[in-house]
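User: I have a model open and would like to understand the words used for it. Could we go through a few of them together?

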Amino acid sequence: MDTYHIDKRQLGGNMKRRTLLSLAASTALSIGLTAAATLPAAAQEVTLRLHQFLPPVATVPKQILVPWAESITEASDGRIVIEHFDGMSLGGRPPELMDQAQDGVVDISMTLTGYTPGRFPRTEVFELPFMMTDPVATALAFQQMVEEDFQDNEYKNVKVLGAWVHGPGLIHTKDGVYKLEDMQGKQVRGPTRVINDLLKETGATPVGMPLPAIPEALSKGVINGTVIPWEVTPSIKLAELVDKHTEFAGDAALYTATIILVMNKAKYDSLPDDLRAIIDEKSGAALAGMATKIMVENDKPGRDIAVAAGNEITVLDEAEVARWKEASQPVIDRWVAQMNDNGIDGQALIDRAQELIAEKSM
């Protein structure tokens, strides 16, 4: 009886202890959940999906977008993670990338504005023939004009994170271009509406297509040449597909294309203030200048591959380049007229772009 009585007291004590522990745990859990629910927004963690059209080995994803994303993750102590989806791996075509970000299919996208012809008319000012001199200065001018004007007009449905350009565009063909007349009859791929208009003015037949389509088009004879900068040629093994390359002497490039990194506006606006501040700090002019500098630095390795392959590189002298500038003037005149027809002061855009490029080249 005594033994039984003692065991019962011990059992009762154990039950009381378990009950108290259970109550304590429940209370702690309740407090924890309440605390979590009332934590400041700064403690949130965010994963962003970035979609773009280039293969992961290309300069832009490998040397620009990945380091940029890593710098944001580091600055946020891991609270922002950016996942990379290269080569249109999430589906769609390059011209759809802007809408994918705008509609929230992805959080961030990188694309050429010229892949959607006529949609970003103000931005086209930087693609006009021989507009670009110093590439980094041109990128900084582009970024500033986005902030001054374009964001509230052409990009009002997205948040522009960075706006930049590539290095000097040049001509790559199977049978060579040594003077303006050699463009006659050639079918040449161009990346944008303005550049296609330039190709047409030189006597070529322009064929618009995104960069990933170039190798197949060359292999099948759909085109016999393309215009792109040296930097991107290794990613599509262009030096194996054509063996003639034409560069332009002087400070002004034949052309450049405008590149833009945008974010879904609602996603950007939903971020806590401190996380938005981190993205802002790593974006804008800092990203534009860095991106173009890296792309220009990678022109040389691309050119070196063509040299090592024994390909022929022709540099048109300044007298010949002057002929190309004269031939391209109608492209500029038409663009100004088209802008004016749409209620946009085209000449004012040219003047402002040239002013900023000169200012930032100093």
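User: Is the crossing in which α4 passes α9 left-handed or right-handed?

Analyst: α4 passes α9 in a right-handed crossing; the term is used if the near helix is turned clockwise from the far one by less than a right angle, and left-handed if anticlockwise. This is a predicted model, where local features need pLDDT of at least 70, side-chain atom pairs count only at pLDDT 80 or more, and totals for chains, interfaces and linings use all residues. Residues are numbered from 1 along each chain as its sequence is written, and side-chain values use heavy atoms, without hydrogens and water.

User: Why is α4 called roughly antiparallel to α9?

Analyst: The axes of α4 (residues 135–153) and α9 (residues 285–297) come within 9 Å and cross at roughly 150°. Angles over 145 degrees count as roughly antiparallel, so α4 is roughly antiparallel to α9.

User: Which residues of α4 and α9 make the contact?

Analyst: Contact means heavy atoms within 4.5 Å. Among them are Val136 and Leu140 of α4, and Ala288 and Val296 of α9.

User: What makes a space a cavity, and how many cavities of 30 Å³ or more are there?

Analyst: On a 1 Å grid over the protein atoms alone, a cavity is a set of points where a 1.4 Å probe fits but cannot get out; lining residues have an atom within 4 Å of a point. The structure holds three cavities of 30 Å³ or more. About 180 Å³ of space lies in the largest cavity, and the residues closest to its centre are Phe53, Leu112, His166, Leu211 and Val232.

Conventions: 1 Å grid on protein atoms, 1.4 Å probe; cavity = no way out; pocket = protein on both sides within 12 Å on 5 of 7 lines; lining within 4 Å. Points joined across faces, edges and corners; volume = space filled by probe spheres on them. Axes fitted to C-alpha atoms, helices over the stretch in contact; angles between N-to-C directions. Helix = DSSP H or I, 4+ residues; strand = E, 2+ residues; numbered from the N terminus. Parallel < 35°, antiparallel > 145°, perpendicular 65-115°, else oblique.
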